[in-house]
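The sequence and structure come first.

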Amino acid sequence: MSLKDRVADILGKDLVALNEFRGDLCIEVPKGRIVQVLAKLKEEGGFDFLSDLFGVDNLDLYAKAAKKKKKSQEESEDTGETKGKESVQPRFEVIYLLLSLSTNERLQVMVRVPEDDLELPTVTGLWKAANWPEREVFDMFGIRFKGHPNLRRLLMWDEFQDHPLRKDYPLEGKGEERHLNYDIA
Amino acid sequence: MAKQLETICITTGPVEVGDYVTLNIGPIHPAMHGTLRVITKTDGETIVSAKPEIGYLHRGVEKLGENLTYSQFLPITDRLNYCSAICNNVAYEMAVEKLLGLQVPPKAQLIRMIMMELARIADHQVCVGILGVDLGALTPFFYLIIQREEIYEIFEWHHGARLTNSMGAIGGVEADLPERFHEKWPKLRDTIRKANDETDKLLTHNRIWMDRTIGVNAFCADDALNWGFTGPMLRACGVKRDLRKEEPYLMYDEVNFEIPTGKHGDVFDRYMVRMLEMEESVKIIDQAYALYKELPEDAPLMKKVPKIIKPPEGQIYHAIESPNGELGFFIKSDGSDKPYRIKIRPPCYMVYQAFEDLVKGEMISDLIACLSSLNVIAGELDR
């Protein structure tokens, strides 16, 4: 049985979408079920190693797609048959890279996180390895992990306000400086 | 004064009241490797808690990657693990090649293998040498560092740089092995072996060395896997896992080599694993060089790649075995000439987050030994 079928078999209706590119399998699962899905994959699927965990901001990707769509609509001068049917896609993705130590298969598990509900349950209970990566995702994208033992900024300093890996954060920064305020009395 | 302390310790969380002494080590401290900082709480000499703080060398490499083209990002990968920059270069090149669906010509693969194994030896030499220096053994460091200079000389002949190599390009390597390599390698192989042998004689059965390393920071395999350890750290715990064997890339499946493993995951086992790995790397270079010799002299070095690289839409993850463990690149492409998202999976990131578990209950002086044996490189830790 191929990896695709096996994963589909284990997850059942928790599997939202499945995508294969250059031999890398990426599955999408519902946001609310992420811990259960990962636990299932760990116990039944043999994916017992968490390789990495990180976020992706899809803001620019959607903007580009919308622009393309608008352009094609303008070009074809449609009489407006598919208007108003634009569903808002969740802005962020969090990707979990799993690895099976016995079969050396890799699997990307993806959840979509909408901008108005930036919260995910933590998976530090399954793998301790998720500790810093979850902090980094919080630091860089502002996604909070519920139940994380120590959810503080990891790479940026604590007083930093923004989330730098978001696509609307400028490359050159916003001129923040770190001020250490020492009271010299 | 109290206010000042509060400001400094703002990142440590609530301070427990007790007879503990809070000791801040780093980020600028001669015993810390790079800009690392650990905030420890000690009971006498014993460590009660040790909280690593990172981010002092954070340059936003991933954000930079999103704003540069695929080829422009290559020199930035040098600045990740600067002890073995070639491994980073090749890991990135291979990730982009996977995204493009390219197969690199065999000669380029062999040159990459030879250079990567040389970089692995150099990396391990630094790690073992510095571990010795931190524990008070200065001589092995010089034996090893002299050989590293010789290796750097080969890098310089090949692509002109010693530390920040930027070797190769997407699609292959830019130059053949340098002329002088052919005479240099047989001599260098012997001197590397001799230096390793001398280091081994000075350290391995040395009473002081054994006392300082055996049983220090022992770690069990289950914990190591749970914390996401890879590379020599994991192998020292007794797990026989090496991406060169498990997911062979380049031509690693055509060469014979062993995977040295330890048993207890202590500092001594990590040292031994690294020492034995250097010997295996020498063997790999010999075999790769023999394979290289079989190829015709005018065999191609580069695959034809368009000047502006525009991979199709999609996302891939590719990992190689760098000297520290699994070094992976995740690249998401939106079809333009710049990557949409680059995520680097640095090997020592996962190792360093378990630092508190590693050193809890040990002595302050063993903390330094532990840190050196982890081979944490701030460049790839903070990105």
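Two residues are in contact if their C-beta atoms, placed from the backbone, lie within 7 Å. By that criterion, 61% of the contacts in chain A with a separation of 6 or more are made by residues 24 or more positions apart. This is a predicted model, in which local features need pLDDT of at least 70 and side-chain atom pairs count only at pLDDT 80 or more, while totals for chains, interfaces and linings use all residues. Residues are numbered from 1 along each chain as its sequence is written, and chains are lettered from A and ligands numbered from 1 in the order in which they are written.

**Chain A**

Chain A contains four helices and seven strands; helices (H or I, at least four residues) and strands (E, at least two) are DSSP runs, numbered from the N terminus. Their order along the sequence is α-β-β-α-β-α-β-β-β-α-β. The C-alpha trace of chain A spans about 70 × 55 × 25 Å along its principal axes. Of its 185 residues, 33% count as buried, where buried means that 20 or more other C-beta atoms lie within 10 Å of the residue's own, exposed that 12 or fewer do, and partly exposed in between, with C-beta atoms placed from the backbone.

Helix α2 (residues 34–43) of chain A has A:Ile34, A:Val37, A:Leu38 and A:Leu41 buried. These buried residues fall within an arc of 95° seen down the axis of α2(A), so they line one face of the helix; the arc is that of the directions from the helix axis to the C-beta atoms. Among the elements covering them are α1 (3–11), β4 (92–99), β5 and β6 (119–121) of chain A.

**The side of chain A that touches chain B**

In chain A, 32 residues are in contact with 37 residues of chain B. At least two residues of this side of chain A come from each of β2 (24–28), β3 (49–57), α3 (59–76), β5 (106–113) and α4 (131–141). β3(A) gives the largest share, six residues. By class, the side has 19 nonpolar, five polar and eight charged residues. Here Ala, Val, Leu, Ile, Met, Phe, Trp, Tyr, Cys and Pro count as nonpolar, Asp, Glu, Lys and Arg as charged, and the others, Gly among them, as polar.

**A sheet in chain B**

Chain B has an open sheet of three strands in the order β4-β5-β6, with antiparallel pairing; two strands pair if DSSP finds at least two bridges between them. The edge strands, each pairing on one side only, are β4 (314–322) and β6 (339–345) of chain B. Neighbouring strands are turned by 15° against each other on average, direction ignored. Axes are lines fitted to C-alpha atoms, for helices over the stretch in contact, and angles run from 0 to 180 degrees between N-to-C directions. Helix α4 (residues 85–100) of chain B packs on the sheet and touches β4 and β5 of chain B; its direction makes about 150° with that of β4(B).

| Strand pair | Bridges | Residues between strands |
|---|---|---|
| β4(B) and β5(B) | nine bridges | two residues |
| β5(B) and β6(B) | six bridges | five residues |

B:Gln315 has B:Lys332 in β5(B) as its bridge partner. On the β6(B) side, B:Phe329 is partnered by B:Ile344, and B:Ser333 stands opposite B:Pro339. In the hairpin of β5(B) and β6(B), B:Gly335 takes a positive phi near 90°. Nine of the nine residues of β5(B) are buried, so this strand is largely enclosed by the rest of the structure.
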